[in-house]
Amino acid sequence: MKKEHENNPEEIKNRYMIYENDLKTLNNFLYHNPELGNEEYKAKEKHLELLIKNNFIEEKVNIENKTAYLAKYSSKNKGPVICYMAEYDALPEIGHGCGHNILGVTSIGAGLILKDYVDKYGGTVIVLGTPAEETNGCKVDMAKVGIFDNIDVAMISHPTSKGHYSSGTSQAMEALEFKFIGKTAHGAGNPSDGINALDAAVNFYVAMNSLKTQITSEGSICGIISNGGVAANIIPDVSVLNYYVRANTVEYLQELVKEVKKCAEGIAMATGTKVEINNYEYSFKNLVSNEYLSEIYKKNLILQGINEIFIPKSKGSTDTGDVSHVCPSIHPSFPLTKSNISGHTVEFAEATIKEEAYEGMKESIFALVLTGIEILKNEKILIKIKEEFIKNKK
Ligand SMILES: [Zn+2]
Ligand SMILES: [Zn+2]
């Protein structure tokens, strides 16, 4: 008689072997063909090729973004809808320095394996292609238009180094552009006829440095002067600064943004310039991990003999934050290597295609799949996950 070993990582390992070569080939292809956010046409095509080859169906997503996709596999029997979110955008100059090539492949691997258990227990598995995480994170729009309304849990596992990390928090963020407008004049001939927009920018930059020292550790401000004039002998009539303002909660972010805007307006008044303030990229909400779901994922790492799971201390922002406000979510990380390498570097990109990276990826895929199976099998688990989600929303 055939024994039921579905919750045994050994059984999942055998199923992984079926897809391993295709996953590695896809990861290598993406590494060698990095595409910036919203331009990930090749990545989308290759992702879908592998999913459709394995009986997933592409469904239209109600979103303008052309490089987004939704691939779905449903059982004839009703059950939970489990979503693995894929990313596949790269960074300028350094390619997949954030490892979104292997991130997307991890989600596809989890989706392909969970598919077999959807057949057995009922329900649906979705692999959701979410473009442009590094810039105009598409998950923000997806959350807004209701794509997650019919999804029970959303999971994503990001590459990192050193070891596995549990799902933590991320900061809410606003990307603000400040354009100071003055008046040109000859820098030596008649400087007093001009209104120096660069002076306003420098004053603002200094004011932001002062403000940084007065905010709590729950917030952060960083930025650059992206346009400081065109020639040394022309009084600049335009200057531009780009800033990221972040905070642990949406409420504190709103407070900080108010302060920052007040500074810009004050400096415009003092320097005789005008200031235009715009959001140059999407704003992200903070990540609220579903702890119940996160504990199941961690338990399924421990089941594989992984005993050291780090608690993340990262202060970045991600569009998964917006997802976590509309659907129970987790965003853990898996190691590409045991040594310490920073994200957003060429070294990190190179690490994504080394054999060692596939060890961490495999462990994360197994934990994602085992977590999915538990939700499909035992309806009480989803009830607990949703109870926590509703409590957090209050
Ligand atoms: Zn990144
Ligand atoms: Zn990333």
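Buried means under 20% relative accessible area, exposed means over 50%, and partly exposed lies in between (1.4 Å probe, protein chains only). This is a predicted model: local features need pLDDT of at least 70, side-chain atom pairs count only at pLDDT 80 or more, and totals for chains, interfaces and linings use all residues. Residues are numbered from 1 along each chain as its sequence is written, chains are lettered from A and ligands numbered from 1 in the order in which they are written, and side-chain values use heavy atoms, with hydrogens and water left out.

**Zinc site**

C98 (SG), E134 (OE) and H344 (NE2) coordinate the zinc ion (ligand 1) at 2.0 to 2.3 Å. Donors are N, O and S atoms within 2.8 Å of the metal (3.2 Å for Na, K and Ca); water is not among the atoms, so sites may look incomplete. The donor spacing in sequence is C-x35-E-x209-H. E134 sits in the loop between β4 (124-129) and α4 (138-144), and H344 in the loop between β16 (333-335) and α9 (346-351), so the pair ties together parts 210 residues apart in sequence. Helices (H or I, at least four residues) and strands (E, at least two) are DSSP runs, numbered from the N terminus. C98 also bridges to the zinc ion (ligand 2); the two ions lie 3.3 Å apart.

| Residue | Relative accessibility | Class |
|---|---|---|
| E134 | 19% | buried |
| H344 | 41% | partly exposed |
| I225 | 35% | partly exposed |

**Nonpolar patch**

I225 belongs to strand β10 (residues 219-227). Helix α5 (residues 197-212) gives the most to the nonpolar patch, with three residues.
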